[in-house]
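Subject: Structure for your files, with notes

Dear colleague,

Please find the structure below. My notes on what was found in it follow.

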Amino acid sequence: MIASTSNDFRSGLSLALCLVASLVMAQAPPNAPQESDYYKITTFEPPLGEVIEACGFQMMPDGKLAVCSRRGDIFLIDRPLADRVSAEQFSIYTRGLHEPLSLGYRDGWLYATQRCEVTRMQDFDGDGAAETFETVADGWGVSADYHEYAFGSKPDADGNLIVTLCLTGSFNSDVLYRGWAVKVTSDGETIPFASGVRSPGGIGADAKGRLYYTDNQGPWNGTCSMKPLIENRFVGHPGGFRWYEQAQSVMGPKPTEPQSGSRIVTEMERIKELEPPTVMFPYGKMGKSASGIACDTTAGKFGPFENQLFVADQSASTIMRVYLDEFDGKVQGVCFPFRSGFASGNVGVEMTETGALFVGGTNRGWGSVGSRNFAIERLDWTGKTPFEILAMRLQADGFELEFTEPVDEKTASDPASYSLETYTYEYRSQYGSPEVDHTKPTIQSATVSDDRRRVKLVIDGLQRGHVHELVSKGVRNQQGQSLLHTEAYYTLNYRR
């Protein structure tokens, strides 16, 4: 995605053609439920002649939606929750920024994370356009390299925000703190926060306020993933280690260099600062370019997935769903397909209090399944509940599945209704990794709970450090309907 080279662009186009072909070859039965039955996409009509490669959103106090574009513009959209959003609802808030990819709001100021700095701006005279601009912080380097993207979080309760800084190219850190996350304080100080970033595609918080960012396949990233942002930790790519000399007073000494060709869980034993991905997105199966992150804290206004995360993928033009499994102070998770069919390459996402998910897209330079060069869209729940795996929780001897609807006991209690395989990725300096270390655990039993909402799978052969790919094609609900999405991908870093 944001890490794309010319090869990535070609692979993105190849993915698009493969996915379109697979859809043609595998048409669902005529009356089978469709994703659109449950979640509706509304595509906005931009002003004629404007190119709005939307990568960041912010709802404003007056109900307008601020949208930033890779091209350097910020627009305001009036009544963004309307059934139809037309060109007349757009207005220009400002132009001429340096590739802003994230927006936030605090105390009357709109914050934009640009490639080179965090800027805040305000419309004091009330004419609908910003006329006051202030540099909040610019304590990192910028070169002429195209790859040096920057994504910022929303300001927290103290006014601080975290910025993830893409490497120079895929391998190097040619200027200060490239390949790092930094904290920008409310008084404008830039403080090193975490090392090991490669190519971020978005940043967001879970329901408990913990920050995560998406990182994309490349050197030291076998596949795309969602990684935690924890102060003074190392998240995998050693390309920015040179800046520990400047950061040592905050971060401590440089971590041990990882061994190329190893595995993440193996290197965690050697490198005490190393934090593994919370969720790995299997490459190709769940897209190729993970990007924006949004959390559903709407108490049911977006459907049955309260407190779960929704993660965009740029190349596949999809939104994925992530359930976080927390135990013994550790967090790891499982990802599910959620919604496809967006018009362009999804990057920015924003969940509103009303339960609308705004999605922004661009395919310039990267390629995407969605054929439009750019798009601004909104995803709304129709009020119908899809039959899905709601949650997948690790047990000492297997997994517990929770469903959005009661299951049919006969099919759900049959181990043959499920298939399971595991694999992982090499942790190496080369670009990406194939799936490696495949295993086939045995599902020994499947036990349905009294309320028929849960199934306990007893499994022989769980593998630490592996993605556990569970396919539940045989499971039905009490109306005989199959799951809307049968695939689940659980990243098992820690055992109970």
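Which residue stands opposite Asp 313 in S19? Ala 290 does. The notes on this part of the chain come after a word on the source.

This is a predicted model, in which local features need pLDDT of at least 70 and side-chain atom pairs count only at pLDDT 80 or more, while totals for chains, interfaces and linings use all residues. Residues are numbered from 1 along each chain as its sequence is written, and side-chain values use heavy atoms, with hydrogens and water left out.

Two strands pair if DSSP finds at least two bridges between them. Strand S18 covers residues 290-295 and is joined to S19 by four bridges, the two running antiparallel. S19 is also joined to S20, by five bridges and again antiparallel. One of the bridge pairs is Val 311 with Met 320 in S20. S19 and S20 form a hairpin with four residues between them, and Ser 317 in the turn has a positive phi of about 55°.

For burial, the cut-offs are relative accessible area under 20% for buried and over 50% for exposed, with partly exposed in between (1.4 Å probe, protein chains only). Five of the five residues of S19 are buried, so S19 is largely enclosed by the rest of the structure. Leu 309, Val 311 and Asp 313 point one way from S19, whereas Phe 310 and Ala 312 point the other way. S18 is mostly covered as well, with six of its six residues buried.

Gln 314 is in the loop between strand S19 (309-313) and strand S20 (318-327). Gln 314 is buried, because its relative accessible area is 1%. A polar contact is a pair of N or O atoms within 3.5 Å; within protein, one must be able to donate a hydrogen and the other to accept it, and residues adjacent in sequence count only if both atoms are side-chain atoms. A polar atom of the Gln 314 side chain lies 2.9 Å from the backbone oxygen of Thr 362. The C-alpha atoms of Gln 314 and Val 347 are separated by 5.7 Å, although the two residues are 33 apart along the chain.

The four-stranded sheet

An open sheet of four strands has the order S14-S15-S16-S17, with antiparallel pairing. Its edge strands, each pairing on one side only, are strand S14 (200-205) and strand S17 (279-281). S16 and S17 pair in the antiparallel sense over three bridges, and Ser 225 stands opposite Met 280 in S17.

Trp 220 lies in the loop between strand S15 (211-215) and S16. Its phi is near 65°, a positive value in a residue other than glycine. Most residues other than glycine have a negative phi. Trp 220 counts as buried because its relative accessible area is 11%.

The loop between S11 and S12

Thr 168 lies in the loop between strand S11 (161-165) and strand S12 (180-184). At 5% relative accessibility, Thr 168 counts as buried. The side chain of Thr 168 makes a polar contact of 2.7 Å with the side chain of Glu 148. Tyr 177 is found in the loop between S11 and S12 too, and its phi is near 65°, a positive value in a residue other than glycine. The relative accessible area of Tyr 177 is 6%, so Tyr 177 is buried.

Cavities

A cavity is a set of points, on a 1 Å grid over the protein atoms alone, where a 1.4 Å probe fits but cannot get out; lining residues have an atom within 4 Å of a point. Grid points are joined across faces, edges and corners, and a volume is the space filled by probe spheres set on the points.

How many cavities of 30 Å³ or more does a search of the whole structure find? The search finds two. The largest cavity has a volume of about 190 Å³. Of the 17 residues that line the largest cavity, the closest to its centre are Gly 222, Ile 264, Pro 277, Met 280 and Tyr 425. Strand S16 (224-228), helix H3 (264-270) and strand S27 (419-425) are the elements that give two or more residues to this lining.

Regards

Notes:
1 Å grid on protein atoms, 1.4 Å probe; cavity = no way out; pocket = protein on both sides within 12 Å on 5 of 7 lines; lining within 4 Å.
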